[in-house]
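I am opening a notebook on a structure that is new to me. I want to look up its strands, its rings and a few single residues.

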Amino acid sequence: MKRFQKLCMLLSILMLPTTAMASSSALLELWKRSEFLYGKCGHCADLISIKNNRDWADFLPYNLTTRDGYFTANLNGPAGTSVTLYGQEGYRKNRGYLIIIKKDASMIEIENLEAFAPGKWTEVDKEKGGYSIFYQPHQNFKTLVSSVKW
């Protein structure tokens, strides 16, 4: 019986880090919106969901970069989660980029990816969903987002 109790305690201890890691995963949702797609649904848009630690070098296979419209972003995850959006495939910076670092565990929503001071860090403080952001601009960056790196 003591062996069984020890085994149960050992399994419980080993499962704690797994539970903690599972709860700290992040999710980036990029919505490709278009003024022509809003219609009756009010939130019609194409969606790309990218989980933490899954770098995505090219959205082209999903045919979202060739359609009209612009990207908006929702980011879920723990404080300290960081992700970079690039305006060109292959994580190349010559068409602009945007670095986002979360300050708390609340979801953040960014409606305009170009609304930040160019070339410097900006602090966005909200009661929930605060973040730091660095924006390296390029003309029409919000329409060009093509790769993501965690």
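My entries follow, from the whole chain down to single residues.

**Ground rules**

I am working with a predicted model, where local features need pLDDT of at least 70, side-chain atom pairs count only at pLDDT 80 or more, and totals for chains, interfaces and linings use all residues. I number residues from 1 along each chain as its sequence is written, and side-chain values use heavy atoms, with hydrogens and water left out.

**The whole chain**

I looked up the elements first. The protein chain has two helices and nine strands. I take both as DSSP runs, numbered from the N terminus: helices are H or I with at least four residues, strands are E with at least two. From the N terminus on, I read the order as α-β-β-β-β-β-β-β-β-α-β.

Next I checked burial. Of the 150 residues in the protein chain, 34% are buried. Buried means under 20% relative accessible area, exposed means over 50%, and partly exposed lies in between, with a 1.4 Å probe and protein chains only.

Then I looked at contacts, meaning heavy atoms within 4.5 Å. Among contacts with a separation of 6 or more, 62% are between residues 24 or more positions apart.

In what order do the five strands of the open sheet run? I find 7-8-5-4-9, with antiparallel pairing. Two strands pair if DSSP finds at least two bridges between them. Strand 7 (121-124) and strand 9 (147-149) are the edges, each pairing on one side only. Neighbouring strands here are turned by 20° against each other on average, direction ignored. For such angles, axes are lines fitted to C-alpha atoms (for helices over the stretch in contact), and the angles run from 0 to 180 degrees between N-to-C directions.

Strand 5 (residues 97-102) and strand 8 (residues 131-136) are antiparallel and share six bridges. Leucine 98 stands opposite tyrosine 135 in strand 8.

Seven bridges join strand 1 (residues 27-33) to strand 3 (residues 70-76), and the two run antiparallel. Here I see leucine 30 opposite alanine 73 in strand 3.

**Aromatic rings**

How many aromatic pairs does a search of the whole structure find? I get six. Rings of Phe, Tyr and Trp (its six-membered ring) pair if their centres lie within 6.5 Å; planes under 30 degrees apart count as stacked, over 60 as edge-to-face and the rest as tilted.

Tyrosine 86 and tyrosine 91 are edge-to-face, 5.8 Å centre to centre with 70° between the planes. Tyrosine 86 is buried at 8% relative accessibility. Tyrosine 91 is partly exposed at 22%.

Tyrosine 97 and phenylalanine 134 are stacked, 6.0 Å centre to centre with 25° between the planes. This pair links distant parts of the chain: tyrosine 97 sits in strand 5 and phenylalanine 134 in strand 8, 37 residues apart. Tyrosine 97 counts as buried because its relative accessible area is 13%. Phenylalanine 134 is buried too, at 14%.

I also noted a cluster. Ring pairs link Tyr86, Tyr91, Tyr97, Trp121 and Phe134.

**Charges over rings**

The charged end of lysine 93 sits over the ring of tyrosine 97, 5.1 Å from its centre. A charge sits over a ring if NZ of Lys or CZ of Arg is within 6 Å of the ring centre and within 35 degrees of the ring normal. Arginine 54 lies over the face of tryptophan 56, at 4.6 Å from the ring centre.

**Loop residues**

Most residues other than glycine have a negative phi. I looked for positive values. Asparagine 53 has phi near 70°. It is in the loop between strand 2 and strand 3, and is exposed at 65% relative accessibility. Asparagine 140 has phi near 60°. Its loop lies between strand 8 and helix 2 (141-144).
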